[in-house]
Amino acid sequence: MEKTKLLAVVGPTASGKTKLAVSLAQKYDGEVVSCDSMQIYKSMDIATAKPTREEMGGIAHHLIDFVDLNHSFSVSEYVLLAHKTIDDIKKRGKLPILAGGTGLYYMSLIDNLTFSEEECDLKLRDELLKKAKADGGEKLHSYLKSIDPQAAKEIHPNNLVRLVRAVEVYETTGITLTEHKKRSRQTPSPYEPYVIGLSFNDRQKLYDRINLRVDMMMSAGLLKEAKEILSKDHIKTAYNAIGYKELEAYFNGEVTLEEAVDTIKKESRHYAKRQLTWFRKDKRINWINVDEYDDFCEVIKKSCDMIENARFL
């Protein structure tokens with residue numbers, strides 16, 4: 001069966017993925033499929049850097065802003081919807097362009113990982129998440145390390161969502177997440193991907209961009225958005241997006257606003273480092289160092305040259 005050509009743009013937060021994906025969609029008659037586990041949620045706009053209508057540049061964007069805050073959305077649900085969305089884009093004669101920085105979503109879709117309903121136990125998931133928040137991720141991470149060392153190596157103790165999911169899979173099925181992935185990879189991927197990764201030679205330049213973005217988020221109304229999100233009974237979802245839990249400490253009088261903002265910047269930088277570590281493992285990714293170019297237009301041109309030289313389209 002002929003595989004579907006899928007262009008993908010990945011990399012750390014604040015690296016320019018949206019801008020590049022939109023530019024490529026404009027040039028190659030494509031539509032963007034989001035690969036971001038937080039931008040799927042409604043109302044969580046500023047903290048997740050959800051693209052504005054202006055930033056979308058007239059390009060259709062899919063799998064953004066469609067899940068209610070009180071809904072537990074799994075990677076298996078994402079993969080199913082992404083498959084359908086990409087198939088629809090292809091049928092309409094458009095080029096599907098995957099864009100985002102959630103490594104688990106990216107890998108699960110590109111490599112066609114599958115998860116059955118038997119692997120889900122929402123009650124157990126909630127219990128594990130509450131316990132992890134109360135005790136800290138290190139304790140649950142130590143347990144994961146004892147049952148699935150490979151998964152523990154790939155999952156940071158602070159990433160409670162993935163940590164809980166890995167333990168949930170084992171507790172529900174008796175089979176580790178690593179083994180599930182190994183088995184599911186036996187089904188060939190329906191895609192022929194060409195993946196562009198955005199990075200920086202000088203990591204500090206990326207961190208400066210992240211710091212600036214957080215300042216811009218604050219100017220755009222992040223404080224108000226965080227207050228509204230945290231006032232609702234959806235803390236489980238909100239806590240997974242950097243920006244809300246840090247500002248909650250300010251609302252509770254535990255830190256100053258300046259300290260809370262500094263923490264958002266620090267956590268965002270740490271997240272970017274984890275994203276780069278994840279994506280660097282994928283040898284299919286064709287990397288571009290953004291800071292090697294004076295203007296982002298040159299990054300866009302370089303991307304087009306790479307795509308055309310690879311005779312991908």
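A salt bridge, as I use the term here, is a side-chain nitrogen of Lys or Arg within 4 Å of a carboxyl oxygen of Asp or Glu.

**Entry: lysine 265 and aspartate 215**

I note before anything else that this is a predicted model. I looked up lysine 265 and found that it forms a salt bridge with aspartate 215, the closest N and O atoms being 3.0 Å apart. The two partners come from distant parts of the chain, since lysine 265 sits in helix 14 and aspartate 215 in helix 10, 50 residues apart. Aspartate 215 has a relative accessible area of 35% and is partly exposed.

**Entry: other salt bridges**

In one of them the side chains of glutamate 192 and lysine 5 meet, with 3.2 Å from N to O. Glutamate 192 belongs to strand 5 and lysine 5 to strand 1, so this pair ties together parts that are 187 residues apart in sequence. I checked both ends for accessibility: glutamate 192 is partly exposed at 35%, and lysine 5 also counts as partly exposed, at 31%.

Next I followed arginine 125, which makes a salt bridge with glutamate 168, their closest N and O atoms lying 2.8 Å apart. Arginine 125 is in helix 5 (residues 122–135) and glutamate 168 in helix 8 (residues 160–173), so that distant parts of the chain, 43 residues apart, are linked. Both of these residues are buried.

I also wrote down a network in which Glu31, Asp88 and Arg92 are joined by salt bridges that share partners.

**Entry: the nonpolar cores**

Which residues have the most contacts inside the largest nonpolar core? I found that they are Tyr78, Leu98, Tyr106 and Tyr244, in a core of 46 residues. Among the elements that each supply at least two residues of this core are strand 1 (4–10), strand 5 (191–199), helix 10 (203–220) and helix 14 (257–280). Apart from it I located another core, of 32 residues, which includes Phe200, Ile288, Val290 and Ile307.

I finished with tyrosine 78 and listed what it touches, leaving out residues up to four places away in sequence: Val33, Ser34, Cys35, Leu63, Phe73, Leu98, Tyr105 and Leu109.

Note on methods: Residues are numbered from 1 along each chain as its sequence is written. This is a predicted model: local features need pLDDT of at least 70, side-chain atom pairs count only at pLDDT 80 or more; totals for chains, interfaces and linings use all residues. Side-chain values use heavy atoms; hydrogens and water are left out. A nonpolar core is a set of buried Ala, Val, Leu, Ile, Met, Phe, Trp, Tyr and Cys residues joined through side-chain atoms within 4.5 Å. Buried means under 20% relative accessible area, exposed over 50%, partly exposed in between (1.4 Å probe, protein chains only). Helices (H or I, at least four residues) and strands (E, at least two) are DSSP runs, numbered from the N terminus. Contact means heavy atoms within 4.5 Å.
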